[in-house]
Amino acid sequence: MAAWVLLALAPVAAGVMLSFASYYGDHMVLQKEPAGAVVWGYGELGAAVTVTLSRDGGLIVMKKMVQVKGPPGTWTTVLDPMDQGGPYTLTAGQGSENVTLQDIYFGDVWLCSGQSNMAMTVLQIANASQELVDAAHYPYVRVFAAAPACSDVELEDLERIDLLWSIPTAENLGHGNFTYFSAVCWLLGRYLYEALRYPIGLVEAAWGGTPIEAWSSRRALQACGLPEDMGSPALSSSISPHRHLSGPQTPSVLWNAMIHPLLNMTLRGVAWYQGEANAFLHTDQYNCTFPALIADWRQAFHAGSAGQTEPLLPFGFMQLSTYRRQSPDDSFTRLRWHQTADLGVVPNARMPGTFMAVAMDLCDERSPYGSIHPRDKQNVAHRLHLGARAVAYGEKDLVFQGPYPTRAVLEVTRGLLNVTYSQELICRRRDTRAFEVCCSSQPSLCAWLPAPVVAVESRTVMLAVAGCGTLVLGLRYAWAEWPCEYQSCALYNSQGLPTPPFLLDTLPAGETPGCLETAGGRELLLLPSSWFSRGI
């Protein structure tokens, strides 16, 4: 099998050996226009390096002259923006010494990061045999995988690589369990290629059982007021008593070793699948740590690429799927909510330029890798690629997320709460526990009661809330670790995209402008819940 362990820092130790940085190689994809691709490597201190891009037949497209600076003796250049396509040859020359990379293409480069659901390989997913056979049909979706690594300091280059830039094969997409290549990353790239019809480069940097703090820089943690050691022996130790925290947990160690080395790379977007670990650790800090990570990665990649990676780097993520059936614990549901910065949908004011794939309806109780690792990665990646097309590529009129509530009217005399949504609704199941309302005069003593679905009409759901009287202070949907069976949650749109879970305050008439008494009842203002800020 084509497993690789590359000591990328050997050129630095040698001092004079000319080379490209670790993650440049034959078959790679460099970012196409309008950005310029950053290319860098190692050489003899003070020497001049000529970087030449040529067509396969030898026709020179461009030359760049740069000087090796140091320490540590590196050279960097930015190629002129290139149209999609290839193949090209990329050569670095220093005196009589040359290093050449072959079969280079220009397209879009996506970084895929996170924990074990991102690390699950194509070998492990549903319909794996056919997916592996189909790999041969996508020679212009190229793959690269960094090896898991930790560091207490920020590294400038990768220390180890699991998979050098490669044309996809059944072998390198299905190397083994939780190794390489990421199924979600591969399927995202494949779906994007089918929509865009030009080369896609995929870079995997994932490690199972890891919390967001390990992927965050010190700056990002400080932005949330968190100390570097987080004050938690469990987090600052490499060993956790919880089996789903099996990877490194020390703050910043994965940022240092697996993300910081990639900052010079010009990127088109990021895909993120992480959060299970934080459902068991610092759950209610995620509404800060996740937006802070996104903002920090954007700033760092923009600066590291000399401004070539756009400042509002598109950032897509998978909302958590399921774990335990009928669990009384709501940490998974809280984490899902915090993944949206407590606003329910993205993009939003706190998370601009983001997009999300809802996965709570893709449960897999019989997964041989544990129910926390569902095998349906095709639907996850399909939903994510819709968001990428809409948010990253600006595709107009593309529906990329499910319906979301926009209005509620309380009919006190009939004991009904009529909730209006942003899209036409498809009701797949009238689950008596899908909707719940808060009935109390004191939010801190809120009692959540089921609000059964009475009827679904076009964009409106009618809920029975007779037990509440006039005190409907909150509305929540799918607020459970395992909210429904496979693809059988209550509400979807006509494209098959599920309504995401939500937790909303419902402000009664008279307490805020805009709450009106209408002919149909009392209109309620729906706001993302402030309950967590109240400490509930």
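Which cysteine forms a disulfide with Cys-224, and how far apart are their sulfur atoms? The partner is Cys-288, and the two sulfur atoms lie 2.1 Å apart. The model is predicted: local features need pLDDT of at least 70, side-chain atom pairs count only at pLDDT 80 or more, and totals for chains, interfaces and linings use all residues. Residues are numbered from 1 along each chain as its sequence is written, and side-chain values use heavy atoms, with hydrogens and water left out.

**Disulfides**

- The structure contains four disulfides, a disulfide being a pair of cysteine sulfur atoms within 2.5 Å.
- The link of Cys-224 and Cys-288 is left-handed, with -100° about the S-S bond. Cys-224 lies in the loop between helix 7 (218-223) and helix 8 (233-236), while Cys-288 belongs to helix 10 (residues 286-304), so this pair ties together parts that are 64 residues apart in sequence. Helices (H or I, at least four residues) and strands (E, at least two) are DSSP runs, numbered from the N terminus.
- Cys-224 counts as buried at 17% relative accessibility, whereas Cys-288 counts as partly exposed at 24%. Here buried means under 20% relative accessible area, exposed means over 50%, and partly exposed lies in between (1.4 Å probe, protein chains only).
- Another disulfide is formed by Cys-112 and Cys-185, with their sulfur atoms 2.1 Å apart. The torsion about this S-S bond is about 75°, so the disulfide of Cys-112 and Cys-185 is right-handed. Because Cys-112 lies in strand 8 (residues 97-114) and Cys-185 in helix 5 (residues 183-196), the pair ties together parts that are 73 residues apart in sequence.
- Cys-112 is buried, with a relative accessible area of 0%, and Cys-185 is buried, with a relative accessible area of 0%.
- Cys-439 is joined to Cys-468 by a disulfide with an S to S distance of 1.5 Å. This link of Cys-439 and Cys-468 is left-handed, with -65° about the S-S bond. Cys-439 lies in strand 18 (residues 435-439) and Cys-468 in the loop between strand 21 (460-464) and strand 22 (472-477), so the pair ties together parts that are 29 residues apart in sequence. Both Cys-439 and Cys-468 are buried.

**Other cysteines**

- Cys-363 is in no disulfide; the nearest cysteine sulfur, that of Cys-484, is 6.1 Å away. Cys-363 counts as buried at 9% relative accessibility.
- Cys-427 is partly exposed, with a relative accessible area of 30%.

**Cavities**

- There are three cavities of 30 Å³ or more. On a 1 Å grid over the protein atoms alone, a cavity is a set of points where a 1.4 Å probe fits but cannot get out, and lining residues have an atom within 4 Å of a point. A volume is the space filled by probe spheres set on the points, which are joined across faces, edges and corners.
- The largest cavity holds about 70 Å³ of space. Its lining includes Tyr-23, Tyr-24, Ala-37, Val-109, Trp-165 and Thr-266. Strand 2 (residues 29-31) supplies the largest share of that lining, three residues.
- The second largest cavity holds about 50 Å³ of space. Among the residues that line the second largest cavity are Met-356, Arg-383, Phe-400 and Pro-498.

Terms used:
1 Å grid on protein atoms, 1.4 Å probe; cavity = no way out; pocket = protein on both sides within 12 Å on 5 of 7 lines; lining within 4 Å.
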